[in-house]
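This note sets out comments on a single protein model. Please read the points with the coordinates open.

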Amino acid sequence: MPFRPRDLADRMAKRRPDGFVRETFSLPREQARAKARAFLRSYPSAAYMSGVERWRELPDGSIEFTMRRLPTAD
């Protein structure tokens, strides 16, 4: 069976889930800012390790971003 990098990535993803909950949004710039602020107010970084995981500007000018957080605070 030939080895493919994707096979390794799939095995590793199954082996070690990181436990974060991720939500992806695609909104106009000002609404994206408001959504990110509301998310961080709802899930403070100190308790949930929350933050913006990645973001990019789409050709239509809107922002696509992924927020991540732990499912519960300790």
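This is a predicted model: local features need pLDDT of at least 70, side-chain atom pairs count only at pLDDT 80 or more; totals for chains, interfaces and linings use all residues.

1. Numbering starts from 1 along each chain as its sequence is written, and side-chain values use heavy atoms, with hydrogens and water left out.

2. The protein contains three helices and three strands, in the order α-β-α-α-β-β from the N terminus. These elements are DSSP runs numbered from the N terminus: helices are H or I of at least four residues, strands are E of at least two. Among contacts (heavy atoms within 4.5 Å) between residues at least 6 apart in sequence, 59% join residues at least 24 apart.

3. Of the 74 residues, 22% count as buried, a term that denotes under 20% relative accessible area with a 1.4 Å probe, protein chains only. The protein exposes about 5,900 Å², of which carbon and sulfur atoms supply 54%; the areas come from the Shrake-Rupley method with a 1.4 Å probe.

4. Seven residues form the largest nonpolar core: F25, A32, A36, F39, I63, F65 and M67. At least two of its residues come from each of α2 (29-42) and β3 (63-69). Such a core is a set of buried Ala, Val, Leu, Ile, Met, Phe, Trp, Tyr and Cys residues joined through side-chain atoms within 4.5 Å. Leaving aside neighbours within four places in sequence, A36 contacts F65 and M67.

5. The largest pocket has a volume of about 150 Å³. Elements giving two or more residues to its lining are α2, β2 (51-57) and β3, and the largest share, four residues, comes from α2. The lining consists of R29, A32, R33, A36, V52, W55, I63 and F65. It divides into six nonpolar, no polar and two charged residues. On a 1 Å grid over the protein atoms alone, a pocket is an open set of points where a 1.4 Å probe fits, with protein on both sides within 12 Å along at least five of seven lines; lining residues have an atom within 4 Å of a point. The volume is the space filled by probe spheres set on the points, which are joined across faces, edges and corners.

6. Is T66 buried or exposed? T66, in strand β3, counts as buried because its relative accessibility is 4%. Not counting residues up to four places away in sequence, T66 touches R22, E23, T24, G51, V52, E53 and R54.

Methods
Buried means under 20% relative accessible area, exposed over 50%, partly exposed in between (1.4 Å probe, protein chains only). Ala, Val, Leu, Ile, Met, Phe, Trp, Tyr, Cys and Pro count as nonpolar, Asp, Glu, Lys and Arg as charged, and the others, Gly among them, as polar.
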